[in-house]
Amino acid sequence: MYALGRAVLILLFLAIPPCQAESPPLPSPAGKVVLTISGQISNKNHDNDAVFDMNMLAALPQHTIATRTPWLPGVSRFTGPYLQDVLNLVGAKGRTLKAIALNDYKTDIPLDDAARYQVVLARLLNGKPMPVRDKGPLFIVYPYDSQPSLRSEIYYNRSAWQLKSLQVE
C-alpha cells in the first residue's frame, strides 16, 4: 500500500506544473500528520488545509544539504524535499510563510526564499529521522555554507526546527 501511495504522490507531483491554478487533490495521509499547510493554497486534502504524514514527504524527491549550523558541531547532512516542491504541490500563492514549531516558536519567511536558496524541509539528520528532542521531526534548513550572507541571524532565525505548520500569507 505504501509503495502505491508513494507512486501516486510522485506522479501527482511530476504532473503538476508550478503555474497550474487547479491541481489534482492531494492524497490523504495514512499516518500521523506531521505538517499542516494553511492559508493561500489551492490544493487541499483536509478541510481548508494540506496535511502531510512523514511517508508523503518521503515520497517527494529528496535532496541533501551538507552544511555547518550554529546548533550542531561540524558539518551535518540534512535530507528532505525542497520546501519549494512542497509549496508547489499545495499551490501556495502569497508573499510570506509563517512557520510555527511545536514549542510555538514562530518565524516569518519570505516565500521566495524557498526557491532562491533551495531550502530543504529536512526530515533526516545525518541519514536518521530526527526525534522531537533533537530538532525533529521537521527542520527548515538553508544551505548556510553556500553563501556568506546565509550565515547570519536573519537566516538562522528563519530556520524553524520542530516544525508543525506553515501558514501561507
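User: In this predicted model, contact means heavy atoms within 4.5 Å. Leaving aside neighbours within four places in sequence, which residues is Ser-159 in contact with?

Analyst: Ser-159 lies in the loop between α5 (153–158) and β11 (163–168). Neighbours within four places in sequence are left aside here. The residues in contact with Ser-159 are then Trp-71, Phe-139, Ile-140, Tyr-142 and Tyr-144.

User: Is Ser-159 buried or exposed?

Analyst: The relative accessible area of Ser-159 is 3%. Buried means under 20%. Ser-159 therefore counts as buried.

User: With which side chain does the side chain of Ser-159 make a polar contact?

Analyst: Tyr-144 is among the residues in contact with Ser-159. The two side chains make a polar contact at 2.4 Å. The partner is the side chain of Tyr-144.

User: Which are the edge strands of the open sheet of 4 strands?

Analyst: The order in this sheet is β3-β4-β8-β9, with antiparallel pairing. An edge strand here pairs on one side only. The edge strands are β3 (63–68) and β9 (128–129).

User: Which residue in β9 does Leu-125 stand opposite?

Analyst: Strand β8 covers residues 124–125 and pairs with β9 in the antiparallel sense over 2 bridges. Opposite Leu-125 stands Lys-128.

User: What is the phi of Asp-104?

Analyst: Most residues other than glycine have a negative phi. Asp-104, in the loop between β5 (96–101) and β6 (106–110), has a positive value although it is not glycine. Its phi is near 70°.

Note on methods. Residues are numbered from 1 along each chain as its sequence is written. This is a predicted model: local features need pLDDT of at least 70, side-chain atom pairs count only at pLDDT 80 or more; totals for chains, interfaces and linings use all residues. Side-chain values use heavy atoms; hydrogens and water are left out. Buried means under 20% relative accessible area, exposed over 50%, partly exposed in between (1.4 Å probe, protein chains only). A polar contact is a pair of N or O atoms within 3.5 Å; within protein, one must be able to donate a hydrogen and the other to accept it, and residues adjacent in sequence count only if both atoms are side-chain atoms. Two strands pair if DSSP finds at least two bridges between them.
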